[in-house]
Every structure is written in structure tokens, then in C-alpha cells.
Amino acid sequence: MTLAHIQPLPASGVRLTDHAAIRVQQRGIPAWFLDLLVEHGTTVHDGHGAVLKTVTKATRRRLHHVLTPKEYARAERWFGVYAVLTPDDAVVTAARRTHR
């Protein structure tokens, strides 16, 4: 899969495809949370080359040690968000989980 346009997220190490940039903006997902999700989220391989990053109970425990209580409370709103990444860590799309 060749991704023609991959752009870095401003003030972040996360790279977004054009599709991801549009979806993140449409869905109002903040850049700081995407950065946090990519760095600390639980990784699940989809079996087709993509990687899913999500927040699990283990992720929440890690974030309690990484974030201040105020930052953690701010991040909780976004814990239902997941991101799909390429093997080289470019975000393909991001969305909220609709089922548990």
C-alpha cells in the first residue's frame, strides 16, 4: 500500500495520511490525544499489515503514571478513540469506538 501524502501533525511526532487528517478534524480528535494514543496505546495487529492503537485497562494504568491527575481527567473523554496505523506508524484513520 503506497501512501502518497503523509503529513506530520503540528508540534507532534505523529504522521497523518491525508485521509486521517480529514477524519481527525471532522471528529474533533485533539492532536495531543492522538500523540498520547500512538505513544502509549495498546497495540493490536489486524493480520493485514495495519496496527490498531486503543486504550485498554492496562493503558489507563500506564497513563496514571505518565500524566498528572488533571491531564488524566482531560484525557478520559477521549479514551473511546482508536487509531489505525501503517507498519511505519503513520495514522491512516482515527475514530470513536461504537461497540464495546
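Q: Why is Trp32 called partly exposed?
A: Trp32 has a relative accessible area of 30%. Buried means under 20%, exposed means over 50%, and partly exposed lies in between (1.4 Å probe, protein chains only). So Trp32 is partly exposed. This is a predicted model, in which local features need pLDDT of at least 70, side-chain atom pairs count only at pLDDT 80 or more, and totals for chains, interfaces and linings use all residues. Residues are numbered from 1 along each chain as its sequence is written, and side-chain values use heavy atoms, with hydrogens and water left out.

Q: What makes the rings of Trp32 and Phe33 an edge-to-face pair?
A: The structure holds three aromatic pairs. In this one, the ring centres of Trp32 and Phe33 are 6.0 Å apart and the planes stand at 90°. Rings of Phe, Tyr and Trp (its six-membered ring) pair if their centres lie within 6.5 Å; planes under 30 degrees apart count as stacked, over 60 as edge-to-face and the rest as tilted. So the pair of Trp32 and Phe33 is edge-to-face.

Q: How do you know whether Phe33 is buried or exposed?
A: Look at the relative accessible area of Phe33, which is 1%. Therefore Phe33 counts as buried.

Q: Why is the pair of Phe33 and Phe79 called tilted?
A: The ring centres of Phe33 and Phe79 are 6.5 Å apart, and their planes are at 40°. That angle is neither stacked nor edge-to-face, so the pair is tilted.

Q: What makes the pair of Phe33 and Phe79 a tie between parts apart in sequence?
A: Phe33 lies in helix H2 (residues 31-40). Phe79 lies in the loop between helix H4 (69-76) and strand E5 (81-85). Helices (H or I, at least four residues) and strands (E, at least two) are DSSP runs, numbered from the N terminus. The pair therefore ties together parts that are 46 residues apart in sequence. Phe79 is buried, with a relative accessible area of 2%. Trp32, Phe33, Tyr72 and Phe79 form one aromatic cluster.

Q: How do you know that Arg15 and Asp88 meet in a salt bridge?
A: Their side chains come to 3.4 Å, N to O. A salt bridge needs a side-chain nitrogen of Lys or Arg within 4 Å of a carboxyl oxygen of Asp or Glu, so the pair qualifies. Arg15 lies in strand E2 and Asp88 in the loop between E5 and E6, so the pair ties together parts that are 73 residues apart in sequence.

Q: Why does Arg15 count as partly exposed?
A: Arg15 has 28% relative accessibility, so it counts as partly exposed. Asp88 is partly exposed too, at 45%.

Q: What makes strand E6 largely enclosed?
A: Six of the seven residues of E6 (residues 90-96) are buried, so the rest of the structure largely encloses this strand.

Q: How do you know that E5 and E6 pair?
A: Five bridges join E5 to E6, which run antiparallel. Two strands pair if DSSP finds at least two bridges between them, so E5 and E6 pair. One of the bridges links Val84 to Thr93 in E6. E2 (residues 15-17) and E6 pair in the parallel sense, over two bridges. There, Ala90 in E6 is the bridge partner of Arg15.

Q: Why does Thr54 count as buried?
A: Thr54 has 11% relative accessibility, so it counts as buried. Thr54 sits in strand E4 (residues 51-54).
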